[in-house]
Structure formats: structure tokens, C-alpha cells
Amino acid sequence: MKEKVFYYNFNWLNGWFVLNVVLFIVLGHCLYTCPCLLCWPQTIILLAVFLFSVAVWAYKYLFKHKMAVITDENITIDHCKPLKWKDIASAEERMVYCCFKHRKILVLVPKENIDYQYNFLQKHNCDFTPFSIPLYGLLTPEDEVEICKIVAKKIKIKKLPENDLKKEQKK
């Protein structure tokens, strides 16, 4: 298998986009009706907030962000160091509590005493273990299925019982 890259898939039409449009309309109306408002510090601050918000929105939604890179030898999740398939003891599906919802993730459990340099988020990320793959809408459904198939070929995946999954989704 050659290198397979998976990207995050964010929906760009959301509240943040609406906020940017509203800020643009307010600034446009202010500057059209009274251009001298550009000299006011409040208008300059509002313009700076608008430009910063648009720049960050564009970075998140217009550029592709790698979620995982999978090869025959290893898997790289986000911007972490590659984890070799031979260093993974098992894989399992788990439900974690994130953003006031129960969400499904695929956890790769490393073997004991592997020599791996964890980054800050891998060390301090509560329910999310160092090697977690999101299965709750941050990827396209096709990519979620494909990642699970690739991981299942390499390691046996311990699935969540269906009744536990339904109970968690009802909450």
C-alpha cells in the first residue's frame, strides 16, 4: 500500500461565517455612510477583529488539514510522530464525552515500553488517548469507514457493543 492521506472535513457554512458576514455588513455600512468613522479607534478595533476573524476562518476552512497519514509501516495522526504498526497492541472503539456530547473514537493502544516522544496534547488530553482517531463527523463518512478498514487489516479492532452505542447516543 502506498501512502494514504486523510483530511479533516469541516462544514464552512456555520455561525462563524455568519458572524463574519454581519461584521462585514456593519463595517461596510459605517464606512459608506460616514467615511470619517475610519479615524475612530472603535472602528479600527472592529476592523482589526474582522480581519483577524476572516483570516483564521479562511485558514481553518479553505486549507486542507491532515488528520492521518497511513503507510504499510506506520500511521501518523495529526502532527504527531509516526507510530509503527508493530508497536500497537490493540485498537478499540470508545465513547468519550466532548463538547457536551458523547462521541465515538477509534483508539490505538500502544504496547508497553515503546520509545515514543509524546507531544503536549498527547500527554494532557483527558478522555482522548494519545492515538485517537475521531469517528464523529470531523471526517467524511467514507474516510471513517476506510480508516477503520485499514486499521482492521493491521490490528484487530474491539468494537463497541451496539446496545451501549445506542444508550450513549440517546443521552
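Q: Buried means under 20% relative accessible area, exposed over 50% and partly exposed in between (1.4 Å probe, protein chains only); which class does Y118 fall into?
A: First, a heads-up: this is a predicted model, where local features need pLDDT of at least 70, side-chain atom pairs count only at pLDDT 80 or more, and totals for chains, interfaces and linings use all residues. Residues are numbered from 1 along each chain as its sequence is written, and side-chain values use heavy atoms, leaving out hydrogens and water. Y118 has a relative accessible area of 30%, so the class is partly exposed.

Q: How is the aromatic pair of Y118 and F131 arranged?
A: Rings of Phe, Tyr and Trp (its six-membered ring) pair if their centres lie within 6.5 Å; planes under 30 degrees apart are stacked, over 60 edge-to-face, and the rest tilted. Here the centres are 5.9 Å apart with 50 degrees between the planes, which makes the pair tilted.

Q: How many residues apart in sequence are the parts that Y118 and F131 tie together?
A: Helices (H or I, at least four residues) and strands (E, at least two) are DSSP runs, numbered from the N terminus. Y118 lies in the loop between β6 (101-110) and α3 (120-123), and F131 in the loop between α3 and β7 (132-134), so the separation is 13 residues.

Q: Which residue in β2 stands opposite F6?
A: Two strands pair if DSSP finds at least two bridges between them. Strand β1 (residues 4-7) has 4 bridges to β2, running antiparallel. The β2 residue facing F6 is A68.

Q: Which residue has its charged end over the ring of F6?
A: A charge sits over a ring if NZ of Lys or CZ of Arg is within 6 Å of the ring centre and within 35 degrees of the ring normal. At 5.5 Å from the centre of F6, the residue is K4.

Q: Which residue's side chain meets K4 in a salt bridge?
A: A salt bridge puts a side-chain nitrogen of Lys or Arg within 4 Å of a carboxyl oxygen of Asp or Glu. The K4 pair comes in at 3.5 Å, N to O. It links strand β1 to helix α4 (residues 141-154), 142 residues apart. The partner of K4 is E146.

Q: Is E93 buried or exposed?
A: E93 meets K159 in a salt bridge of 3.5 Å, N to O. K159 is exposed, with a relative accessible area of 53%. E93 comes out at 9% relative accessibility, so E93 counts as buried.
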